[in-house]
Amino acid sequence: MNKVNIAIVGATGMVGTTFIKVLEERQFPIENIYFFASAKSKGQKISFMGAEYEIEELTESVFDRDIDIALFSAGGDISKKFAPIAKAKGVVVVDNSSFWRMDPDVPLVVPEVNASDVYNHNGIIANPNCSTIQCVVPLKVLDDAYKIKRIVYSTYQAVSGSGMKGIRDLEQGLLGNPPTNYPHPIANNCLPHIDVFMTGGYTKEEMKMIDETRKILGNPTLKVTATAVRVPVMNAHSVSINVEFENAFDLDDAIDMLSKSPGIIVMNDSPANDYPMPLNVSGTDEVYVGRIRRDESLDHGLNLWVVADNIRKGAATNTVQIAELLLQSR
Ligand code: NAP
């Protein structure tokens, strides 16, 4: 496979540093790699595949070199400004921020779900919201089999989802210090508030889950609702999913299908206390599904407990998987 030139934008961040790990682990075929962050990180050293690199400040001119793919994770404002600049210079951007996700011209891709959408890009491909990614992986399998009528999401999201600032608030909160990132203490607490409040009383995180699920599953009118909650867990998001189908289903068949699907690990022996938890899922790349049971209050309803590492499958790993699909098309 031909080697490519890669840029990492936001190389010092929670997601950016994990890009580096995942690229190394998956032996991504790289000829040259460049690391960009803010002015404050300029000149810092970063090691990749045994060599040392210097972080450069992100400016408009950094893309004036031969870069094939840029992996962005420096926030929406940076993606808004710099993704079009990179694109104009022939770079394909895979973006982790929410800025481009709902643009009709930008594919929103989870490789296990809608890999072929990658090839309809116009220079920018979006990586979905972390909680959405882990939900649509099992939901796509079930949608294909039984046709989803309605989804109810309730999330339990780790502080690493807020980047370095979230980790700091939990660590400092456990020492009795006040928060600097969240509006309330996160230590020994739960905050039913992720991202800003929007009209109708929903948060932006909840609306991302609703809108992005519809876009990825290709059903703009799908009934979806969500409550997103930040919990005092360092890493790995959990989601309780209640899903209603149009069609009847056999529970054992549903479990069997999920077990055989790529990217999913079923941990469903509840009597043996076997179910996914952030502590055993953190650091892995798969989506874990457990507590799979009928919702007896509906004709065709199912409850699932879904856990994944939000920094890996929810961000870095999914982004690198998208970049791998791009390589296949070269
Ligand atoms: P983070 O840990 O706070 O890192 C932010 C990164 O952006 C750092 O590398 C920072 O560089 C860089 N940056 C900030 N201002 C910049 C500027 N003016 N120019 C260039 N680089 C700049 O945040 P994160 O958690 O990695 O999240 C990054 C992005 O990924 C966000 O859009 C987030 O929504 C998205 N995302 C995060 C998750 C998650 O679970 N954490 C999941 C999916 C998507 P300096 O160190 O130099 O400031």
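Two strands count as paired here if DSSP finds at least two bridges between them. Everything in these views comes from a predicted model.

**View 1. Strand 13 and its two partners.** Strand 13 (residues 287–295) and strand 14 (residues 301–308) are paired antiparallel, with six bridges between them. Look for Gly290 and Trp305, which are bridge partners across this pair. Getting from strand 13 to strand 14 takes a hairpin of five residues. Strand 13 also pairs with strand 12 (residues 264–266), but there the strands run parallel and three bridges do the joining.

View 2. One sits 2.5 Å from a side-chain N or O atom of Thr12. For Gly10 it's a polar backbone atom that comes in, at 3.1 Å from a ligand oxygen. Asn310 brings a polar side-chain atom to 3.1 Å from an oxygen of the ligand. As for burial, the ligand on its own would expose 900 Å², and the protein covers 78% of that.

**View 3. The shell around the ligand.** Helix 1 (14–25) and helix 9 (312–328) are the elements that each put two or more residues into the shell. There are 26 residues around the ligand, and the ones that come nearest are Thr12, Met14, Val15, Ser38 and Ser41. How does the shell divide into nonpolar, polar and charged residues? It has 11 nonpolar, 14 polar and one charged.

Conventions
Residues are numbered from 1 along each chain as its sequence is written. This is a predicted model: local features need pLDDT of at least 70, side-chain atom pairs count only at pLDDT 80 or more; totals for chains, interfaces and linings use all residues. Side-chain values use heavy atoms; hydrogens and water are left out. A residue is near a molecule or strand if one of its heavy atoms lies within 4 Å of it. A polar contact is a pair of N or O atoms within 3.5 Å; within protein, one must be able to donate a hydrogen and the other to accept it, and residues adjacent in sequence count only if both atoms are side-chain atoms. Accessible areas come from the Shrake-Rupley method with a 1.4 Å probe; for residues, only the protein chains shown count as cover. Helices (H or I, at least four residues) and strands (E, at least two) are DSSP runs, numbered from the N terminus. Ala, Val, Leu, Ile, Met, Phe, Trp, Tyr, Cys and Pro count as nonpolar, Asp, Glu, Lys and Arg as charged, and the others, Gly among them, as polar.
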